[in-house]
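Thank you all for coming. I would like to walk through one model with you, slowly, and take its parts one after another.

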Amino acid sequence: MNFAKKFLIHAVVGGLLVVMPIYLAVLLLLKGMQAVAGFVRPIALLLPDGLPAEDFLSLLLVLLVCFAVGVLVRTGPGRAVRERLERSLFDRLPGYALFRSLTQRLAGTNDANAWKPALAEIEDALVPAFIVEELDDGRYTVLVPSIPTPLAGAVYILAPERVHPIDVPFTQAVRSISQWGSGAKDLVAAMRAPSPS
């Protein structure tokens with residue numbers, strides 16, 4: 001009974017962590033399209049009536065604005081503004097730092113603060129984990145995810161000899177966790193003999 005309850009809770013939380021960002025992104029996209037509809041309406045009226053021109057042009061304008069912002073934040077001044085906004089506003093939002101870190105890892109961005117796949121010694125077993133941070137005394141804060149939900153689990157602070165970083169892509173570790181441990185042999189092999197960089 002306890003297992004069923006635990007499984008149900010983890011499944012719901014895991015589903016929310018996948019569905020909510022997608023839902024919010026679609027919702028923001030639709031709101032953005034509504035906001036710019038007035039700007040594109042005169043152009044849409046010039047096109048044939050059978051085409052959903054206003055919706056298409058609104059979507060195109062929102063995507064162009066997103067592209068422009070993306071280009072701007074890659075410049076030096078844009079990066080400085082983004083970092084200032086993150087520190088003063090976004091880092092106060094619950095879960096923002098987590099999603100930023102995971103997004104950076106999934107995008108392949110090399111960030112020293114991003115989660116790194118590892119195998120952690122818990123009791124007499126090795127378990128898939130993510131190194132969240134290294135403490136000043138050399139110990140690690142690790143997240144041991146609940147199978148099959150990579151974003152939910154337990155946090156441990158462990159001595160460095162109990163944490164074994166593995167040289168596999170972040171996405172491979174997440175895939176193994178979300179597939180009930182299938183592919184864990186590759187994680188163990190990466191711990192024994194890290195693949196050359």
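Let me begin with a question: is Val18 buried or exposed? Before answering, please keep in mind that what we are looking at is a predicted model. Val18 has a relative accessible area of 52%, and because the cut-off for calling a residue exposed is over 50%, Val18 is exposed. As for where to find Val18 on your screens, it sits in helix H1, which covers residues 2-44. Val18 also belongs to a nonpolar surface patch of about 1100 Å², and the other residues that make this patch include Leu8, Val12, Leu16, Tyr23 and Leu30.

Strand S1 spans 116-122, strand S2 spans 125-134 and strand S3 spans 140-146. S1 and S2 pair in the antiparallel sense, with seven bridges between them, and within this pairing Leu119 has Pro128 in S2 as its bridge partner. S2 and S3 are likewise paired in the antiparallel sense, over four bridges, and here Glu133 stands opposite Thr141 in S3.

Is Glu123 buried or exposed? With a relative accessibility of 74%, Glu123 counts as exposed. The hairpin of S2 and S3 has five residues between the strands, and there Gly138 takes a positive phi near 95°.

Which residues make up the largest nonpolar core? This core has eleven residues, among them Ala118, Ile122, Val127, Ile131, Tyr140, Val142 and Leu158, and S1, S2 and S3 are the elements that give two or more residues to it. There is also a second, separate core of six residues, which includes Trp115, Leu143, Phe170 and Ala173.

To end with one member of the largest core, please find Val163.

Methods. Residues are numbered from 1 along each chain as its sequence is written. This is a predicted model: local features need pLDDT of at least 70, side-chain atom pairs count only at pLDDT 80 or more; totals for chains, interfaces and linings use all residues. Side-chain values use heavy atoms; hydrogens and water are left out. A nonpolar core is a set of buried Ala, Val, Leu, Ile, Met, Phe, Trp, Tyr and Cys residues joined through side-chain atoms within 4.5 Å. Buried means under 20% relative accessible area, exposed over 50%, partly exposed in between (1.4 Å probe, protein chains only). Patches are made of residues with over 30% relative accessible area and no salt bridge: like charges are joined within 9 Å, nonpolar side chains (Val, Leu, Ile, Met, Phe, Trp, Tyr) within 5 Å. Accessible areas come from the Shrake-Rupley method with a 1.4 Å probe; for residues, only the protein chains shown count as cover. A salt bridge is a side-chain nitrogen of Lys or Arg within 4 Å of a carboxyl oxygen of Asp or Glu. Two strands pair if DSSP finds at least two bridges between them.
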